[in-house]
Amino acid sequence: MTTSSTQPDYSALRGNVSFLGRLLGETIAAAEGEDFLDLIEQIRGLSKTARGESEAAGESLLSMLRNLQSEQLVPVARAFSQFLNLANIADQYNTISRNMNPLLSASRNLAGGLRELLAEGVSRDTIAAAVNALKIDLVLTAHPTEITRRTLIHKHSEIGRVLGQLELQGHTEREIENLHNRLRELIAQIWYGDDFRLERPSPVDEAKWGFAVVEESLWRAVPEFLRRLDAALFETCDVHLPLEAAPVCFSSWMGGDRDGNPNVTAQVTREVLALSRWQAVDLYLADVLQLVEELSMTTCSAAMRELAGDAHEPYREVLRRLRDMLRHTRASIEAELAGEPALEGEVLHSENQLWEPLHSCYQSLLECGMSRIANGALLDLLRRIRCFGVFLVRHDIRQDSARHTAVLSELTRYLGLGDYEAWDEATRQSFLWQELSSLRPLIPDRWEPGAEVREVLDTCAVVAEQPAGALGAYVISMARQPSDVLAVHLLLKETGCSHDLPVAPLFETLDDLSRASLVIDTLLQSAWYRGHIGGRLMVMIGYSDSAKDAGVLAASWAQYRAQEQLLEVCSSCDVRLTLFHGRGGTIGRGGAPAGKALLSQPPGSLQCGLRVTEQGEMIRAKLGWTSLAVKTLALYTTAICRANLLTPPAPRPEWRAIMETLSDESCEAYRAVVRGEPGFVDYFRYATPEQELARLPLGSRPARRKTGGGIESLRAIPWIFAWSQNRLMLPAWLGAGAALSRALERGEGKVLREMARLWPFFATRLSMLEMVFAKTDVALSAHYDRCLVPTELQPIGAGLREQLAQDLTTVLEISGEKEPLSQEPWTRESIRLRNIYTDPLNLLQAEALQRNRRRQEPLLERTIMVTIAGISAGMRNTG
């Protein structure tokens, strides 16, 4: 329990929020007039009073917003939306502030985390070995509900940087005023600029956004993180991190994820791969140019002298050659992108072309007593080479299993072998094993497939063109059978792929997760398959679609059991399994604070490292600033080391039995509403801005996998995003509380409390439910219903809100707390601050949706867009 002596101090956070809000007010007054600012202050004051349970203030607030003129809607919505963005910047900055409360900063302290392991009996050698074996692969993915434009993201980052400057001591009054004026300038740029794209981004645009995150944050964060990790390792274990260590790397789905996105073509992927190389070369070139300027020393080792020849400044000589090669490579890639012939001469194609000359410089400096110089910018560059390689990020390809089936179906019909799609699983496997072992080609040169089949084959051809280091994995969405995996291996073989690219089945639905171990066991029985994968396997666990299919509690238990079973199957075959986690930022998509999420995994699940998706606003929140990225990598490091060295407790048999029942009953309760309630789909579309979302220019990927259809055809991300807008947050809690309540009725409360106290998996589930309940608002949800939902469907919403209230009571009864998040005052305070500004946006959104559904108007649609962005900022996640 948090005591009075250890209460976190929020004064710095409140001060920054208040200061930025005041500067925003100055900007609004200058742009829109003092009367308009007074209106904003009246709305804010009423919202704050209404949050204090004043019914009269709530009625006055609603009346004031309903009486706004059409031309006032957008600027009012923008004022509250931009304040929430500024509050988020202040909040993000506070987590990395030098003045941050020690309680809150302890988790990012690498040395502190390693010392805790020592204190708990882990030996220094064991800790050092675990750190050296560390492998963190963060996979950046595009986000179909990403709100913020890249130009705004840059301005937000700059505001965070200025807040950091203001925290430093010793500024003169003039310097402080200059920093304040810089903040005024940035906030004015935001207010006078456009909040949204006019058109949807292309997949190439999304990939460039991902590269910008690397350039602006991760490029600096990685060497800084490794310096801190090296220092922590030396402080606690008296050893240094090996020079060649690469504990962190990055991958990307941007430009490679074609699942349900017809805009991602083979040509787009080829272009993105080239752009990735270009960005890497450009960043390396900047670093080398800095070293050319700085490494002017003349003393060198014999090996360096042999490399540099008679040059007076040997380091500069070697670096200039590298510089020229990088410049030539950049020009060659630009020619390739322009469709021109490749340039003659040496180009960068492997890490060793960078590593060997730079490592020679490093060794020479050490040998000649210049370790301080060697361990500066040069060491940082060597670290970057091991992390980012030649391609900056490794690119994954993702495609739906049905597309591969369609290729083989069309091909077998052409060859007169029958219809592959109509064959049963045994017949498919027999055919695939035979063809994988065959030396003759299967695809005839004269075959002219249809456009969709041609596109799949062209993508496989792009994969075959790439060197091994360019790609991370080929991910198969909706994988259900061994044949789904073998089909991809066959298509890659037939298109000339010579390297063993990991082919990772993605198990997404409840049924698929339950069968995952059987699928993998079947594959591992084959000598061909075991030989082909070389003792290493990657399997992806889907969090989004399984939760949409069965509800969060049933899905999370299915994910846990699937991982346990997969680990057991692979262990029995002496295969090292990398589990790839397809988590999102929200609870409904498997999101949880990094430490909690990792420590609640099954024992042994992180032994081969962590591979996890990071997307949209979570990329910005966790990796968007250099200091945030360093903090995130430190959190992942300490959590993985703890999970691997102090194995999390496995669930007791009685806990498993209860979880099985909870899973079944929660799934039943969830599906009874989502699938069984006759008017539910119509209610969902009336009560949320789901239909309006589909029209917004947010991402390159359509909101639905296919046109038409109900909830099943809607992607998990917009499904969750829409419910977060009306504050019901339905996918993140539906079914869970009902099952827990029935367990209490059976007299299982004592065991549930024991599970919450001793089992990280279950404790995290309850904690995440509390988080969701703290963000819900039944009054606002009811207001949406009154404004938007036909009378005959309103009982559905009333029933859901009644269930929500019961579920909250149930969870608090198990946790023993009086209110949600009572053990997390930081989070509770953050939500409380935001509600004052989010509430008017919710009321405005409901009003704009109501007006727009009667008669569509550009001004109303823009108001809806602004409120969607603002509520997203207030909720701190989108989908």
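Visitor: At roughly what angle do the axes of helix α10 (residues 203-237) and helix α25 (residues 616-623) cross, and within what distance do they come?

Guide: The model is a predicted one. In general, a packed pair of helices is described by two quantities, the angle between the axes and the distance between them. Here the axes of α10 and α25 cross at roughly 5 degrees and come within 11 Å. Angles under 35 degrees count as roughly parallel, and α10 and α25 are therefore roughly parallel to each other.

Visitor: Which residues make this contact?

Guide: On the α10 side they are Trp209, Val213, Ser217 and Leu218, and on the α25 side Gly616, Ile619, Arg620 and Leu623. By class, the contact of α10 with α25 has 5 nonpolar, 2 polar and 1 charged residues.

Visitor: How is the packing of helix α6 (residues 110-119) and helix α7 (residues 124-132) to be read, in terms of angle and axis distance?

Guide: Their axes lie 10 Å apart, at an angle of about 140 degrees. An angle over 145 degrees would count as roughly antiparallel; α6 and α7 are therefore oblique to each other. The crossing of α6 past α7 is right-handed. Leu114, Leu117 and Leu118 of α6 meet Arg124, Ile127 and Val131 of α7. The residues of this contact divide into 5 nonpolar, no polar and 1 charged.

Visitor: What does a search of the whole structure find by way of aromatic pairs?

Guide: A pair of aromatic rings is described by the distance of the centres and the angle of the planes. The search finds 24 aromatic pairs in the whole structure. One of them joins phenylalanine 680 and tryptophan 723, with 6.1 Å centre to centre and 20 degrees between the planes, and is stacked. This pair links distant parts of the chain, 43 residues apart: phenylalanine 680 lies in helix α28 (residues 680-687) and tryptophan 723 in helix α30 (residues 716-725).

Visitor: Is phenylalanine 680 buried or exposed, and is tryptophan 723 buried or exposed?

Guide: Phenylalanine 680 counts as buried because its relative accessibility is 0%. Tryptophan 723 likewise counts as buried, at 0% relative accessibility.

Visitor: Which residues do ring pairs link into a cluster?

Guide: The cluster consists of Trp557, Tyr560, Trp655, Trp759 and Phe761.

Visitor: Where is threonine 405 placed, and which residues does threonine 405 touch?

Guide: Threonine 405 belongs to helix α16 (residues 401-414). With a relative accessible area of 11%, threonine 405 is buried. Leaving aside residues up to four places away in sequence, threonine 405 touches Tyr420, Glu421, Arg428 and Asp484.

Conventions
Residues are numbered from 1 along each chain as its sequence is written. This is a predicted model: local features need pLDDT of at least 70, side-chain atom pairs count only at pLDDT 80 or more; totals for chains, interfaces and linings use all residues. Side-chain values use heavy atoms; hydrogens and water are left out. Axes are lines fitted to C-alpha atoms, for helices over the stretch in contact, and angles run from 0 to 180 degrees between N-to-C directions. Helices (H or I, at least four residues) and strands (E, at least two) are DSSP runs, numbered from the N terminus. Angles under 35 degrees count as roughly parallel, over 145 as roughly antiparallel, 65 to 115 as roughly perpendicular and the rest as oblique. A crossing is left-handed if the near helix is turned anticlockwise from the far one by less than a right angle, and right-handed if clockwise. Contact means heavy atoms within 4.5 Å. Ala, Val, Leu, Ile, Met, Phe, Trp, Tyr, Cys and Pro count as nonpolar, Asp, Glu, Lys and Arg as charged, and the others, Gly among them, as polar. Rings of Phe, Tyr and Trp (its six-membered ring) pair if their centres lie within 6.5 Å; planes under 30 degrees apart count as stacked, over 60 as edge-to-face and the rest as tilted. Buried means under 20% relative accessible area, exposed over 50%, partly exposed in between (1.4 Å probe, protein chains only).
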